[in-house]
Amino acid sequence: MPEQFKVTPWDVEGIVDYNKLIEQFGTSPLTDDLLERTARLTRSDLPIFFRRRFFFSHRDYDKVLDDYESGKGFFLYTGRGPSGPMHIGHIIPFFATKWLQEKFGVNLYIQITDDEKFLFKEKLTFEDTKRWAYENILDIIAVGFDPDKTFIFQNSEFTKIYEMAIPIAKKINFSMARAVFGFTEQSKIGMIFFPAIQAAPTFFEKRRCLIPAAIDQDPYWRLQRDFAESLGYYKTAAIHSKFFPPLTGLEGKMSASKPETAIYLTDDPEEAGKKIWKFALTGGQPTLKEQREKGGNPEKCVVFKWLEIFFEEDDKKLMERYHACKNGELTCGECKRYLIQKVQEFLKEHQKKRKKAEKLVEKFKYTGKLAQEQWNKAIPEPLRK
């Protein structure tokens, strides 16, 4: 019997069959043709997220490329729910988004849903989610976005988002929301309204919106696509990433609520190394003798997966490591030490940039070119300075 898995906006369980998930969600595979076209239009080598198929699925990405090629353009939108510290799995889609912004030269809107996390997480206060919003914004800025083409906004501050959500909310009835999100009579009314808030940024511009995000968030955009054209806008497009595996195995995804599964972006590099050494599941044999004789299994190894997805840029080196593992020439300890070095280097560099980000928060949220444009639209004319 095939292994069962579950993917919702809130939970990911089991070993996900991504081909089956494409069928279940009704999306389309991100094909070689689309990736080659992306490389041609951007005149760039593709980043590892695309060439190694960490992004694997899409909705209307072909139309986004059509719009770019015809001169219509498009814009980007993604977000973060601030319920705790960000980990490596959270930040990878932001690196892919940065590449898209840089290569296509487009605007980017990043929604920080401090309201959502307060509504959906029983133990979090509104003050908690606002505090985590600031901390998460530092990590996001550290990725290196263009401050004049990026607007980072908190829903609790940028209340224009509520005004934009009203016509959207009028298009979604309870049975639609329940069918997509599984709401019940016990669901808080704020939770039921929230899909309208999350859809609102897809209407920030009169161009097609492209959302790079993990595929568990797709239900929000599926709903948007049902009514966008009736409001005079484009159906949103999306490209979907796979899930970054936890240290403890290939099932589910890295979880901020399970410290042993995750490397947080604010972890001390030495402590992160110890965590990887202690918890990272490998595809090795029980003994060194068997490892040398039979070889390891990189397909079942979290260490290899982390290198493949993010920490080994060089394709040739990755394949050499793959074959050395299969042939028994590499031990799991050697691979762990190599990954630890890569992760520690990344954390040290990220944390330097995160410190510098403290001076950039105001620009991304309020004073940068795109931010000012959005705040000016939100403030009635008599109240503007």
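**Aromatic rings, salt bridges and surface**

Ring pairs join F75, Y109, F151, F153, F158, F204, Y366 and W375 into a cluster. The model is predicted, so local features need pLDDT of at least 70 and side-chain atom pairs count only at pLDDT 80 or more, while totals for chains, interfaces and linings use all residues. Residues are numbered from 1 along each chain as its sequence is written, and side-chain values use heavy atoms, with hydrogens and water left out.

User: How many aromatic pairs does the structure hold?

Analyst: Rings of Phe, Tyr and Trp (its six-membered ring) pair if their centres lie within 6.5 Å; planes under 30 degrees apart count as stacked, over 60 as edge-to-face and the rest as tilted. By that rule the number of aromatic pairs in the structure is 38.

User: Which kind of pair do the rings of F54 and F55 make?

Analyst: A pair of aromatic rings is described by the distance of the centres and the angle of the planes. For F54 and F55 the centres are 6.2 Å apart and the planes are at 85°, so the pair is edge-to-face.

User: Is F54 buried or exposed?

Analyst: Buried means under 20% relative accessible area, exposed over 50%, and partly exposed in between (1.4 Å probe, protein chains only). F55 has a relative accessible area of 0% and is buried. F54 has 5% relative accessibility, so F54 counts as buried.

User: How many salt bridges are there?

Analyst: A salt bridge is a side-chain nitrogen of Lys or Arg within 4 Å of a carboxyl oxygen of Asp or Glu. One network of salt bridges links R37, R40, D66 and E69. The count of salt bridges by this rule is 26.

User: How many residues apart in sequence are the parts that R53 and D32 tie together?

Analyst: R53 and D32 form a salt bridge in which the closest N and O atoms are 1.9 Å apart. Helices (H or I, at least four residues) and strands (E, at least two) are DSSP runs, numbered from the N terminus. R53 lies in the loop between α3 (48-51) and β4 (55-59) and D32 in helix α2 (residues 32-42), so the pair ties together parts whose separation in sequence is 21 residues.

User: What is the relative accessible area of D32?

Analyst: R53 is partly exposed at 27%. D32 is also partly exposed, and its relative accessible area is 43%.

User: Which helix holds both R131 and D128?

Analyst: These two residues form a salt bridge, with the closest N and O atoms 3.7 Å apart. R131 is partly exposed at 44% relative accessibility, and D128 is partly exposed at 21%. R131 and D128 are three residues apart, about one turn, in helix α7 (residues 126-141).

User: Is K274 buried or exposed?

Analyst: K274 meets E271 in a salt bridge (3.5 Å, N to O). Both lie in helix α12 (residues 269-279), three residues apart, so about one helical turn separates them. E271 is partly exposed at 44%. The relative accessible area of K274 is 53%, so K274 is exposed.

User: In which helix is K348?

Analyst: K348 forms a positive surface patch with K352, K353 and K356. K348 is partly exposed, with a relative accessible area of 46%. Patches are made of residues with over 30% relative accessible area and no salt bridge, like charges being joined within 9 Å and nonpolar side chains (Val, Leu, Ile, Met, Phe, Trp, Tyr) within 5 Å. The place of K348 is helix α16 (residues 332-357).

Key:
Accessible areas come from the Shrake-Rupley method with a 1.4 Å probe; for residues, only the protein chains shown count as cover. Lys and Arg count as positive and Asp and Glu as negative; His and the chain ends are not counted. The place of a charge is taken as NZ of Lys, CZ of Arg, CG of Asp or CD of Glu.
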